[in-house]
Amino acid sequence: MPGDPLRARYIATSYLDDVRQVNEVRNMLGFTGTYRGSPVSIQGSGMGVPSIQIYATELVQHFGVERIVRVGSCGALQDDLDLGDVVVAIGAGTDSTVNRRRLGGRDFPATADYGLLRAVADQAGEHGLNARVGNVFTSDTFYEPEGSDTFELLERYGFLAVEMEAAGLYGVAAEYGAAALTVATVSDQLKRGEHLSAEERQSSFDAMITLVLDAVTG
Ligand code: HPA
């Protein structure tokens with residue numbers, strides 16, 4: 001699940017065989033096909049927890065999907081992460097309340113599926129990617145309010161990066177018994193104010209996609 005539906009089309013048409021489009025409602029494009037003989041579907045998630053939760057829930061509940069990998073981008077919170085590095089989200093903190101609502105006000109440890117996580121982390125080096133396994137923070141806001149010290153706090157607690165969907169996806173997976181993982185390229189280094197160019201975004205995205213496709217179908 002990439003966030004951007006046009007990325008879903010790009011992945012499907014560039015990497016899958018026997019591909020066909022299966023969704024265009026709200027332009028949230030979905031495709032299904034095979035990768036090296038294994039069935040794989042690519043469905044846009046949209047941005048943010050509410051959006052990914054709708055599509056992930058329907059994939060699991062209505063279409064029998066058992067494993068979901070979000071492939072996205074993130075903003076690095078730690079000095080030792082560089083643009084183009086890949087963050088593999090073992091866990092996700094969040095300021096979204098959805099997982100607390102799921103558990104009747106209790107905290108939920110939003111964590112990745114270990115098998116998916118291990119496969120992606122183990123194979124990253126073969127794809128020339130510097131992968132870091134750790135926690136991300138799933139934020140409901142992309143633009144932090146003026147004067148906010150959120151990023152400093154998250155850095156202090158060891159969060160690798162901020163993104164906007166992982167905790168929601170992990171909550172859906174737990175609720176319905178699916179396996180989930182979030183993998184995200186560092187597109188923004190928030191400590192240094194650095195950003196990937198459009199071309200760099202594309203090439204690092206390609207490397208992450210082949211890593212994930214190889215890892216989940218291998
Ligand atoms: N914040 C939230 N999500 C993101 C960012 C960010 O800085 N960069 C890429 N996805």
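Axes here are lines fitted to C-alpha atoms, for helices over the stretch in contact, and angles run from 0 to 180 degrees between N-to-C directions. The model on display is predicted.

Begin by selecting helix α4, residues 114–123, together with helix α7, residues 198–217. Their axes lie 9 Å apart, and the helices pack at an angle of about 125 degrees. Angles over 145 degrees count as roughly antiparallel and those from 65 to 115 as roughly perpendicular; α4 and α7 are therefore oblique to each other. Their crossing is right-handed. To display the contact, show Leu116, Ala119, Val120 and Gln123 on α4, and Leu211, Asp214, Ala215 and Val216 on α7. These residues comprise 6 nonpolar, 1 polar and 1 charged.

The contact of α1 with α7 contains 6 nonpolar, 2 polar and 3 charged residues.

Turn next to the ligand. Around the ligand are Ser73, Cys74, Gly75, Phe142, Val162, Glu163, Met164, Ser187, Asp188 and Leu190. Select Asp188 among them: an N or O atom of the Asp188 side chain is 2.6 Å from a nitrogen atom of the ligand. Then show the backbone of Ser73, where a polar atom is 3.4 Å from a ligand nitrogen. A polar backbone atom of Gly75 also lies 3.4 Å from a nitrogen atom of the ligand.

How values were computed:
Residues are numbered from 1 along each chain as its sequence is written. This is a predicted model: local features need pLDDT of at least 70, side-chain atom pairs count only at pLDDT 80 or more; totals for chains, interfaces and linings use all residues. Side-chain values use heavy atoms; hydrogens and water are left out. Helices (H or I, at least four residues) and strands (E, at least two) are DSSP runs, numbered from the N terminus. Angles under 35 degrees count as roughly parallel, over 145 as roughly antiparallel, 65 to 115 as roughly perpendicular and the rest as oblique. A crossing is left-handed if the near helix is turned anticlockwise from the far one by less than a right angle, and right-handed if clockwise. Contact means heavy atoms within 4.5 Å. Ala, Val, Leu, Ile, Met, Phe, Trp, Tyr, Cys and Pro count as nonpolar, Asp, Glu, Lys and Arg as charged, and the others, Gly among them, as polar. A residue is near a molecule or strand if one of its heavy atoms lies within 4 Å of it. A polar contact is a pair of N or O atoms within 3.5 Å; within protein, one must be able to donate a hydrogen and the other to accept it, and residues adjacent in sequence count only if both atoms are side-chain atoms.
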